[in-house]
Amino acid sequence: MKDKFYITTPIYYPSGRYHIGTAYTEVLADSIKRYHALKGENTYMLTGSDEHGQKIQEKAKEAEKTPKQYVDEMAAMAKELWAKMEIQYDDYIQTTEERHEKIVQKIFDRFMEQGDIYKGEYEGWYCVPCETYFTQTQLVEGKCPDCGREVKRMKEESYFFNMKKYADKLLTYYEEHPDFIKPAFRKNEMINNFIKPGLEDLCVTRTSFDWGIKVLKDPKHVVYVWLDALTNYITALGYLSEDDTLFKQYWPADLQVVGKDIARFHLIYWPIFLMALDLPLPKTILVHNWIMMKDGKMSKSKGNVIYPETLMERYGVDATRYFLLKAVPVAQDGLFTPEEFVERYNFDLCNDLSNLLNRTVSMVNKYFEGNVPSYCGIPNEVDEEFETFTNEQIEKFEQKMEEYEIANALQEIWVLVARTNKYIDETMPWVLAREDGDEEKLASCMYHLIENLRKIAILIKPFMNDTAENIFRQIGIEKQELKTWQFIKEYNKMEDTKVIQKGEPIFMRLKAEDEIEYIKNVMKN
């Protein structure tokens, strides 16, 4: 078992409300962190907001606020949302904080002293929203290839980072560390699209605006977004500060989670910056795809944006988190439709999981007055096969989680849920409960059903903590050790366990047509 697990998400541009695509990144990282914490590891999660640059300055002016007022308000909104979504981050860094700005200036000076940064002049096409320069050939129909917006012709004195100096070293690192980039095909994208054609040196300062971290030795320049933003992953830990305890404890990061739109910056620029600082690279950078709508990317102009608050307020935090994680199989784009959301709620959460819990609690009350029978070993082939299957599914789940295939890990849980429902049909407790039935088999059946619900609750804790705790409560699991990963495969540990007198549905079936219409209407507003 690892002794620590440091995970980061990107720091986000403060643009107001975050839609479910941005929320997915946070929920994904939070679930991975919770899984490692469940296994007893010392976990630490970082998130935050990227608060410098021309577009921030312009947004603040439009809002008739100072840039600092604007970004602080946006950060407060983000923290409020992450709290509602039960994101358990350990630190939230704003790049306007002194602890970050001072270290970025030190890093910039070091790069200059090493000869990694040189002064020049940049002329090219610049997209303000993306904060990225493009060559003429990179433009698509004269517009930004990433967001499709208009670009501006810019010419200004700038400092550049010598990316070419580290290109070969980066390629070697890719080959020697196959787990550095997941999914693996992203590595080939970086090599074929950016490195092999000739890696361009990176513009790392601007002079056309002043909302940024000033270069100490040339204060008319402010540090350009990617050198500023990417270094937050180490400045937040106290790198080059008086107290670098966290940095020594947690760096290198075990996992950094990013969306595919910023893959290039994290898979090329970020490792090169770390190489120049002579620091170890993150063990893995996980690049996830997007949640798409039927008519493409989410856009206010299309009227197809869905916000996590909309789903949480009506369907709950756990159902929202479950759908986001199940909808995107990391290496592929996921699809959000009102129909799919309601279907997963009704079938996965209500029919499969909630009904399993209700049926089981009801039968234990009916046949054993609510008292969970003691474990009596494995008296028959059905129970033996059931135990073997259950433990194999736990192992499959663990394998998927270790590979960061979260949607697939959830699928393994639901295979177990389905098998547990099937076990009821196989054992037919209503037949065993007859006068001429088999009381020993009935007791074993009830025990195994409660035991599997305990194991299922442990498995879903990283994704749906409230639901897991509700299951524990209803089946009478009070000992904390029985809620831990350490005891997930154990049998014969439940003693004097009593279920609640009347089961409570953890998910109520939705009237599909009404809810689909509701979601469609809120997306238009």
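In this predicted model, the secondary structure of the protein chain amounts to 19 helices and 14 strands. The chain has a radius of gyration of 26 Å, close to the 24 Å that the globule rule gives for 525 residues, so it is as compact as a globular protein of that length. Taken along the principal axes, the box filled by its C-alpha atoms comes to roughly 90 × 50 × 40 Å.

Of the 525 residues, 58% count as buried, and among the contacts between residues at least 6 apart in sequence, 77% join residues that are at least 24 apart. The accessible surface of the chain is about 22500 Å², and carbon and sulfur atoms account for 46% of that surface. As for charge, there are 68 positive and 88 negative side chains, and the centres of the two sets lie 4 Å apart.

From the chain as a whole we can turn to one of its sheets, an open one in which 4 strands follow the order E5-E4-E6-E8 with antiparallel pairing. Strand E5 (132–134) and strand E8 (202–203) stand at the edges and have a single partner strand each, so one side of each is left without a neighbour in the sheet. Within this sheet, strand E4 (residues 117–127) and strand E6 (residues 152–161) run antiparallel and are joined by 10 bridges; for Tyr-126, the bridge partner in E6 is Lys-152.

Lys-33 belongs to helix H1 (residues 20–38), while Thr-43 belongs to strand E2 (residues 42–49). With a relative accessibility of 7%, Lys-33 counts as buried, because the limit for that class is under 20%. Thr-43 is likewise buried, its relative accessible area being 13%. Leaving aside residues up to four places away in sequence, Lys-33 touches Ile-7, Thr-43, Met-45, Gln-88 and Asp-90. Thr-43, with its neighbours within four places in sequence set aside, is in contact with Phe-5, Lys-33, His-36, Ala-37, Asp-90 and Tyr-250.

Most residues other than glycine have a negative phi, and most peptide bonds are trans. Against that background, the peptide bond from Lys-182 to Pro-183 is cis, with omega near -10°, and Pro-183 sits in the loop between strand E7 (181–182) and helix H6 (185–195). The peptide bond from Trp-251 to Pro-252 is also cis, here with omega near 5°, and Pro-252 is placed in the loop between helix H9 (245–250) and strand E11 (255–259).

Two further loop residues carry a positive phi without being glycine. For Tyr-404 the value is near 65°, and this residue lies in the loop between helix H14 (381–402) and helix H15 (406–427), where it is buried with a relative accessible area of 7%. Met-428 has a phi of about 45° and is found in the loop between H15 and helix H16 (429–432); its relative accessible area of 36% makes it partly exposed.

Definitions and conventions. Residues are numbered from 1 along each chain as its sequence is written. This is a predicted model: local features need pLDDT of at least 70, side-chain atom pairs count only at pLDDT 80 or more; totals for chains, interfaces and linings use all residues. Side-chain values use heavy atoms; hydrogens and water are left out. Helices (H or I, at least four residues) and strands (E, at least two) are DSSP runs, numbered from the N terminus. The radius of gyration is taken over C-alpha atoms; the globule rule is 2.2 Å times the number of residues to the power 0.38. Buried means under 20% relative accessible area, exposed over 50%, partly exposed in between (1.4 Å probe, protein chains only). Contact means heavy atoms within 4.5 Å. Accessible areas come from the Shrake-Rupley method with a 1.4 Å probe; for residues, only the protein chains shown count as cover. Lys and Arg count as positive and Asp and Glu as negative; His and the chain ends are not counted. The place of a charge is taken as NZ of Lys, CZ of Arg, CG of Asp or CD of Glu. Two strands pair if DSSP finds at least two bridges between them.
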